[in-house]
Amino acid sequence: MSYKHQHFVSQGLLNKFSCKESTTKTKKIYFIRINETKATLKCTNIRNVAGARYLYNYTKNEKLSLENTFFDKIDHNISIAINQVISDTKNLEKQKHHIISYVASQITRTPETLQRIKDLDSLIKDNIDEDFSFIKDTTAQNNFLETIKDNTEKYIKILLEKECQIYENPRDFFVISDNPVIRINSSNEQELEISEKKYIPVLNCSIFMMPISPKHLIIFHNKSTPIEELNYYIEKINR
């Protein structure tokens, strides 16, 4: 099956930030496009946000897509995991593997990653050699897809080494973006890892955070991170 509109943020996750329309009872989500000259609050079905046409399809084989060969299982599992953890945070340990797999893939799967590959290629052509391209044997799209699988595995290993916890927000509400994993490097030292044939680096930051509902935040952090530091960055998320 060839998927046309493909979500780079799971609909199961977006669903937690939606609300039922009073007349039709269908789930809608409010959003703002921050790149517009005059940003205004809009409302639409969750199917219409955080998605792009054929984002995960290989260029030489349009019927082959990571949407159904890679993300379907990850996105299905995260929906169940979020429901379990929100209902009782004691379920975190049982659902930790599914959450880690999703967060790791979410870091790598956005259109921003694809654009960074294109920008890097253009930068080399413009400043070094216009005839050179590190993606000349493939395409930026295919390189992006190969990077997703490769770097997801690396981020899983990074997140497994960190402390994991759920923060419940008693006063404010978290919002979600189309690039929802927040990466913080409080020590200004990042461990950089680049695969032999992949050109988007993996950054081992000290803190990774992602809202999973308006009241819940998943946090991965170094064991040495002080609680005061975590609280500081949590307070900064929606500011």
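Here is a short chat about reading salt bridges in the structure above.

Visitor: What should I know about the model before I start?

Guide: It's a predicted model, where local features need pLDDT of at least 70, side-chain atom pairs count only at pLDDT 80 or more, and totals for chains, interfaces and linings use all residues. Residues are numbered from 1 along each chain as its sequence is written, and side-chain values use heavy atoms, with hydrogens and water left out.

Visitor: What counts as a salt bridge, and how many are there?

Guide: You need a side-chain nitrogen of Lys or Arg within 4 Å of a carboxyl oxygen of Asp or Glu. That rule gives 3 salt bridges here.

Visitor: Which residue does D75 pair with?

Guide: R109, with the closest N and O atoms 3.0 Å apart. D75 sits in helix α2 (residues 66-87) and R109 in the loop between α3 (92-108) and α4 (111-127), so the pair ties together parts 34 residues apart in sequence. Helices here are DSSP runs (H or I, at least four residues), as are strands (E, at least two), numbered from the N terminus.

Visitor: Are D75 and R109 buried or exposed?

Guide: Buried means under 20% relative accessible area, exposed over 50%, partly exposed in between (1.4 Å probe, protein chains only). Both D75 and R109 are buried.

Visitor: Where do D150 and K154 lie?

Guide: They're in helix α5 (residues 140-160), 4 residues apart, which means about one helical turn separates them. D150 is partly exposed at 24%, while K154 is buried at 16%.
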